[in-house]
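This briefing concerns the packing of a protein chain.

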Amino acid sequence: ILVGVDAESLFAGEEFQLNPANEEAVNRAIWLAELSRAELTLFSALRIDHPESADLLEETAEAALLHRVRGALETLQRQAGERGVTARIKVASGRAWLEIIHEVLRSGQQLVVVGTGDAGAAERLLFGTTAMRLLRKCPCPVLVTHPRQEPEPEHKTILVADDFSDIGMRALNMGVWAARAASARLLVLHAVEFPLAGTLHRGGMTEEEVEEYREKCKSEAESKLNDRLATTDYRTVEAGTEVMIGVGRADNVIEDVIEDQSVDLLVMGTIARGGIPGFVLGNTAERLLPQIGCSVLAIKPPGFQCPVTVEEG
């Protein structure tokens, strides 16, 4: 597991202090590493003028910042060790999202955790920069955490959005695992639209007949969702599992359920679009992610090819 720690937000004045976004991401990453017995990488990226030369770096003012950042990460390393988690420190030079992907390509981490704060109703800032780029390009799943009021790291309500694709099935299995591990309630959602409704109306069908068509679509979707869920270990989710069929565009349906059900974590797959390597969010996620105020775990599709190379600067 790799957790990105924003170097510019590590200190309040001269004192080491995690901001809420960093604190949530680090706490969640340590908890997950403890739960899964995984090694943790505490990762920070610094923007410096001459990253290719360690000698030049040591002669600049950035050397003091590098020393402070390493000291802060060592404090977090000790905190992880107290929980029985083996953690290593990595400080890189460059753009955070790119250096995180470089590290994943070199070291093979299976999950990246980054934090985002609340940028207000107009825009979630990090989703436009580091987190969104990681969601598009990082070769492994990415967990973007959002600060919550509760001090404990466990989620209370987990929502899985399943679009009946292969990646939706992966999201289902991951959501079941997360709900079981966190003792959380699991919601499993599929959104249906009725593409033939307008045609049926124009073809002379009565409103009752069109409504019958809508109910048939919803019933078939619910049956299929139950069948897919039955192939998972959902019965081991002690807090319970609920199947939900929403009506409308997927991003709108998901957003409404997140708000109505006080969802803490959304698990969803990303989809390739247009054959462009690394462009994997798809229309639903592109519209949805900047709007929601919960954590998101995004799963990459089978065969995803990372567009970044280790040599890229």
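The buried residues of helix α5 (residues 130-137) are T130, A131, M132, L134 and L135, where buried means under 20% relative accessible area, exposed over 50% and partly exposed in between (1.4 Å probe, protein chains only). Their cover includes α4 (96-107), β6 (112-115), β7 (142-145) and β12 (295-299), judged by contact, that is, heavy atoms within 4.5 Å. Helices (H or I, at least four residues) and strands (E, at least two) are DSSP runs, numbered from the N terminus.

This is a predicted model, in which local features need pLDDT of at least 70 and side-chain atom pairs count only at pLDDT 80 or more, while totals for chains, interfaces and linings use all residues. Residues are numbered from 1 along each chain as its sequence is written, and side-chain values use heavy atoms, with hydrogens and water left out.

**Overall fold**
- The protein chain contains ten helices and twelve strands.
- Of its 313 residues, 46% count as buried.
- Among contacts between residues at least 6 apart in sequence, 76% join residues at least 24 apart.

**Nonpolar cores**
- A nonpolar core is a set of buried Ala, Val, Leu, Ile, Met, Phe, Trp, Tyr and Cys residues joined through side-chain atoms within 4.5 Å.
- The largest has 54 residues, and I1, V3, L40, V113, I158, L186 and V267 have the most contacts inside it.
- Helix α6 (residues 166-182) supplies the largest share of this core, eight residues.
- Apart from this core lies another, of 38 residues, including V142, I258, V263 and V308.
- Leaving aside residues up to four places away in sequence, L40 touches I1, V3, A29, I30, A33, V85, T86, A87 and R88.

**Helices α1 and α6**
- The axes of α1 (residues 20-36) and α6 come within 12 Å and cross at roughly 95°; axes are lines fitted to C-alpha atoms, for helices over the stretch in contact, and angles run from 0 to 180 degrees between N-to-C directions.
- Helix α1 is therefore roughly perpendicular to α6, a term for angles of 65 to 115 degrees.
- W31, L32 and L35 of α1 meet W177, A181 and A182 of α6.

**Cysteines**
- The structure holds zero disulfides, a disulfide being a pair of cysteine sulfur atoms within 2.5 Å.
- C138 is in no disulfide, and the nearest cysteine sulfur, that of C140, is 3.7 Å away.
- C138 counts as buried because its relative accessibility is 0%.
- The sulfur of C306 lies 6.9 Å from the closest cysteine sulfur, in C138, which is too far for a bond.
- C306, at 22% relative accessibility, counts as partly exposed.

Terms used
Angles under 35 degrees count as roughly parallel, over 145 as roughly antiparallel, 65 to 115 as roughly perpendicular and the rest as oblique.
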